[in-house]
Amino acid sequence: MAKYVMKRIAFMLVALWIIATLTFFMMHAIPGGPFTSDRNLPPAVEAALQAKYHLNDPIMVQYGNYMLGLLRLDLGPSFKYEGMQVNELIGSGFPISAQLGVLTVAFALLIALPLGIIAAVRNGRWQDFVTMVLATIGVALPSFVIATLLMYLFSLKLGVLPAFGLDSPAAYIMPIVAGSGFALAFITRLVRASLLEELGRDYIRTAKAKGLRPSAIVLRHALRNAMIPVLAVLGPILAGLITGSFVIEKIFAIPGLGQHYVNSISNRDYTAIMGVTVFYAAILIAMMFLVDILYSLIDPRIRLK
């Protein structure tokens, strides 16, 4: 296990270096810059700003400085938020996005697991049909459509839920429901398909022949193996949600990391865009690593080599 962990850490570092390199050169390949978008600055002022942030240095010098900053975990200054470092930007927005993301994933799992189990156990019956129709709608509807409908109904018409911010427990309801739509529907379909496959295996038929209760067969035996594919997709879903859902945070005016990322793109804030991208990549790679470790805990047949 120790050898495997060391190899994966080396792989993670190489992957982060590749992502950071690609992001850096892609951002600098875009025409214009953070001070040439729509501010109409005098040439002298623009040249002074370029010199202040070393944007007039040769591209490889900028790249080297940026990589050295990453080694020190320094993502550089933000061009949009004056006097603020990208580290501070992530530090202020990430806790909000992470809290909302964890609650969203927890809500999705709380609903998706029972629905997927019911659909698999009642395969071909009306419960299965209704569940799959709802899951298909959840996959097809974008989160901004769900968010708009919820806001129109519960905020504008009924006035029972706040339309923006996270100032009260009630304010979390609509962002969580809107943000969990795709994950909830996707996990439901995946649980159903995986559980149906497990219920057709030989060890399940043996358990039935021994006279085990149907609930014990499903929950104690089949579900544990059926959760492996769910765990594989849960890592990327969790990484995407805890680093900020751009659409949800924009619609509900939540000051999370996604909101900052959208503003950075609009203002060509190079360092903020690159910093958030690298941060998201690090979270995603860490989640995938955690998923691989959990595989062996869920299924003893899986061995890390």
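**View 1. Helices H4 and H5 are oblique to each other.** In this predicted model, H4 (86–121) and H5 (126–140) pack at an angle of about 135°, with their axes 7 Å apart. Axes are lines fitted to C-alpha atoms, for helices over the stretch in contact, and angles run from 0 to 180 degrees between N-to-C directions. Angles under 35 degrees count as roughly parallel, over 145 as roughly antiparallel, 65 to 115 as roughly perpendicular, and the rest as oblique. The crossing of H4 and H5 is left-handed; that term applies if the near helix is turned anticlockwise from the far one by less than a right angle, and right-handed if clockwise. From H4, Leu115, Ile118 and Ala119 meet Gln127, Asp128, Thr131 and Met132 of H5, where contact means heavy atoms within 4.5 Å. This contact of H4 with H5 has 4 nonpolar, 2 polar and 1 charged residues. Ala, Val, Leu, Ile, Met, Phe, Trp, Tyr, Cys and Pro count as nonpolar, Asp, Glu, Lys and Arg as charged, and the others, Gly among them, as polar.

**View 2. Helix H1 passes helix H3 in a right-handed crossing.** H1 (residues 2–29) and H3 (residues 59–71) pack at about 140°, and their axes are 11 Å apart. That angle makes H1 oblique to H3. H1 contributes Trp17, Ala20, Thr21, Phe24, Phe25 and His28 to the contact, and H3 contributes Ile59, Met60, Gln62, Tyr63, Tyr66, Met67 and Leu70. By class, the residues of this contact divide into 10 nonpolar, 3 polar and no charged.

**View 3. Helix H8 and the helices that cover its buried residues.** The 19 residues of H8 (residues 181–199) should span 27 Å at 1.5 Å a residue, and the end C-alpha atoms are 27 Å apart, which agrees. The expected span is 1.5 Å times one less than the number of residues. Among the buried residues of H8 are Leu184, Ile187, Val191, Arg192, Leu195 and Glu198; buried means under 20% relative accessible area (1.4 Å probe, protein chains only). Their cover includes H4, H5, H6 (143–157), H7 (173–179), H9 (202–209) and H10 (214–242).

**View 4. The whole chain has 13 helices and 0 strands.** Helices (H or I, at least four residues) and strands (E, at least two) are DSSP runs, numbered from the N terminus. Of the 305 residues, 42% count as buried.

**Notes.** Residues are numbered from 1 along each chain as its sequence is written, and side-chain values use heavy atoms, without hydrogens and water. Local features need pLDDT of at least 70 and side-chain atom pairs count only at pLDDT 80 or more, whereas totals for chains, interfaces and linings use all residues.

Key
Buried means under 20% relative accessible area, exposed over 50%, partly exposed in between (1.4 Å probe, protein chains only).
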